[in-house]
Amino acid sequence: MKKSLLSLSLLLAGPALAAPSVTVYKSPTCGCCESWVEHMRESGFEVNSIDTEQMGAVKQKAGVEPRLASCHTAHVDGYVIEGHVPAADVKRLLQQQPEVHGLSIPGMPQSAPGMDIPGTPYEVLSFDEQGNTAVFSHYPG
């Protein structure tokens, strides 16, 4: 009986899914970027962190306009993630796969993951390659 229960549980569980891999470019001295990397890892992402002094060039190559910029730029499964976007929003992006270039939290809102000072409302924006934006999610702070 135990063997059949084990087989049934393995069948219901299905194959294990690989953790999404995120490559993040950040300044070597940015502590809040390190905190966001930890937030992503704690949320099940595999993160490759690359320190660079050339963040302007990274953002330009990624298609991040200055008005959408934050302190770090990440890539996951063909999408750009700019700034302190919550892992839950990245997961939703990957699940829904909308036709956007990526997600951004412009600036550095104090309540966002990695900043962790409650009280500041913020929005996560989706953006396309032409720079058009839409609210992807809203956080009251």
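Me: Which strands do the buried residues of H3 pack against?

Reply: In this predicted model, the buried residues of H3 pack against strand E1 (21-26), strand E3 (73-76) and strand E4 (79-82).

Me: Which residues of helix H3 are buried, and why do they line one face of the helix?

Reply: The general idea is that an α-helix has 3.6 residues a turn, so residues three or four places apart point the same way. In helix H3, which covers residues 55-62, the buried residues are Met55, Val58, Lys59 and Ala62. Seen down the axis of H3, these buried residues fall within an arc of 95°, and therefore they line one face of the helix. On the other side of H3, Gly56, Gln60 and Lys61 are exposed, and just after the helix Gly63 takes a positive phi of about 80°.

Me: With which residue does Lys59 form a salt bridge?

Reply: In general, side chains of opposite charge can pair when their charged atoms come close. Here Lys59 forms a salt bridge with Glu82, and the closest N and O atoms are 2.6 Å apart. Because Lys59 lies in helix H3 and Glu82 in strand E4, the pair ties together parts that are 23 residues apart in sequence. Lys59 counts as buried at 10% relative accessibility, and Glu82 counts as buried at 0%.

Me: How many salt bridges does the structure hold?

Reply: The structure holds five salt bridges, among them one between Asp51 and Lys26, whose closest N and O atoms are 2.6 Å apart. Asp51 lies in strand E2 and Lys26 in strand E1, so this pair ties together parts that are 25 residues apart in sequence.

How values were computed: Residues numbered from 1 in each chain as written. Predicted model: local features only at pLDDT ≥ 70, side-chain atom pairs only at ≥ 80, totals over all residues. Heavy atoms only, no water. Buried < 20%, exposed > 50% of the residue type's maximum accessible area, 1.4 Å probe, protein only. Helix = DSSP H or I, 4+ residues; strand = E, 2+ residues; numbered from the N terminus. Arc of directions from axis to C-beta. Contact = heavy atoms within 4.5 Å. Salt bridge = Lys/Arg side-chain N within 4 Å of Asp/Glu carboxyl O.
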